[in-house]
Amino acid sequence: MTILVYAVVAWVFAIGIYGAIISRNLIHLALCLTVTQSSTYILLLALGYKHGARAPIFKDVKLGTAAVDPVVQSLTLTDVVVSVTVIALVLALALDVHRQSGSIDPDDINTLNG
Amino acid sequence: MSPRQRLRGWIAAPVVALLGGILLWGLSGAPAFGEFHGAYGDLLNRIAVPQRHTTNVVTAIVFDYRGFDTMGEEFILFASVVGVVLLLRDIREPAGGQDDPVASDAIRLFGILMVGVILVFGLWLAAFGLVTPGGGFQGGVAVAGGIVLVFLVAGYRPWRTFGRETLLDPFEGLGAASYVALGLAALIAGAPFLHNLLGPGTTGTLLSGGSMSLLNWAVAVEVAAANLVLYTEFLESYLVPHLRTS
């Protein structure tokens, strides 16, 4: 069980990086970056998990009840926001590249047309 | 695999090996699953409710204990939206055509009903963010999603009522600015930046959190407007390509 969750993190990270390396399409590349970043959500949430604990919400719950770590959860929230901003910018850049060169294959656009 | 891809693989291999090594080294030192006891997390779980009167400890961290970081986070979003706008927005006429991709009346009716449901859900998520799971970030995204549904089910012209830069830009600026203004208000009152001026309020109700609920709403407005600006920009560059290539 301990190994499993970290293996999932490593696997999601690895397929994201692999996709980014072999990518022939900038939109695909942006999605691969998002997949890679998703591994950090899993890692953060898995780190904060405690056996038998509940969510750190104490509405109608007695104070002192075991709850999972709230700090990593708020870090995950930050992580998600950053991920959204990154994918928005990368997609906008991909659109701009397409407008300039008519292609979104990174191999087609690294020659300068003057 | 093309030769180009194979070449890229070889170039990437040493970097990936290094990154993978660091990743595995880090993971091998991670605590056993379910056994982590972070000092700060355990402490906050104990003191957040008595201290801040908010029953959602995660939101208390986001808007109070780490409130300054959240301001930076909000401006990361703001800056990236400005970047997207700079890249995609230029002089263009709003498209008149491209309407009504939805053929079925049943889908349209159901979709329009869902717009209201999702809007209420988003507002509820934001409003009760300090009490139950939710908050300004989550609620703002849901509200934006509900409005985007207008385009999906009713087409471009009804969407244009909401998806206009002149409408969205002020809201985005307002959301970002009021977060800073609330921080500065505390400074003017002689307290530390972002200090909770309104007091903690009543635990477990909509009136808990004091200034935190105002920060929460500032973020909700900022996030909803930022998402709608992003959708608008991408939608316009998709729908109006012939005006943009010249």
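The largest nonpolar core holds 67 residues. Within this core, B:Ile61, B:Val223, B:Ala224, B:Ala226 and B:Leu228 touch the most other members. Helix H9(B) contributes the most to the core, at 14 residues. The model is predicted, and local features are reported only at pLDDT of at least 70.

The interface between the chains was examined next. On chain B, 45 residues are in contact with 42 residues of chain A. Five helices of chain B each give two or more residues to the side that touches chain A: H1 (3–28), H2 (39–52), H3 (57–65), H4 (67–88) and H9 (211–239). H1(B) supplies the largest share, nine residues. By class, this side of chain B comprises 25 nonpolar, 14 polar and six charged residues.

Helix H4(B) was considered in more detail. Its 22 residues should span 32 Å at 1.5 Å a residue. The end C-alpha atoms of H4(B) are 32 Å apart, in agreement with that value. The buried residues of H4(B) are B:Gly67, B:Thr70, B:Met71, B:Glu73, B:Glu74, B:Leu77, B:Phe78, B:Ser80, B:Val81, B:Val84 and B:Leu88. An α-helix has 3.6 residues a turn, so residues three or four places apart point the same way. The cover over the buried residues of H4(B) comes from both chains. It includes H3 of chain A, along with H3, H8 (165–188) and H9 of chain B.

On the chain A side, A:Ala88 lies in helix H3. A:Ala88 has 24 other C-beta atoms within 10 Å and is therefore buried, the cut-off being 20 or more. Apart from neighbours within four places in sequence, A:Ala88 is in contact with B:Ser80, B:Val84 and B:Leu230. A:Ala88 and A:Arg24 are 64 residues apart in sequence, and their C-alpha atoms are 19 Å apart in space.

Helix H3 of chain A (residues 70–101) also packs against H2 of chain A (residues 26–48). The angle is about 175°, and the axes are 10 Å apart. H2(A) is therefore roughly antiparallel to H3(A), as angles over 145 degrees count as such. The residues of this contact divide into 17 nonpolar, seven polar and one charged.

Technical notes: Residues numbered from 1 in each chain as written. Chains lettered and ligands numbered in written order. Predicted model: local features only at pLDDT ≥ 70, side-chain atom pairs only at ≥ 80, totals over all residues. Axes fitted to C-alpha atoms, helices over the stretch in contact; angles between N-to-C directions. Helix = DSSP H or I, 4+ residues; strand = E, 2+ residues; numbered from the N terminus. Parallel < 35°, antiparallel > 145°, perpendicular 65-115°, else oblique. Nonpolar A, V, L, I, M, F, W, Y, C, P; charged D, E, K, R; others polar. Contact = placed C-beta atoms within 7 Å. Core = buried A, V, L, I, M, F, W, Y, C linked by C-beta atoms within 7 Å. Buried ≥ 20, exposed ≤ 12 C-beta atoms within 10 Å, placed from the backbone. Expected span 1.5 Å × (residues − 1).
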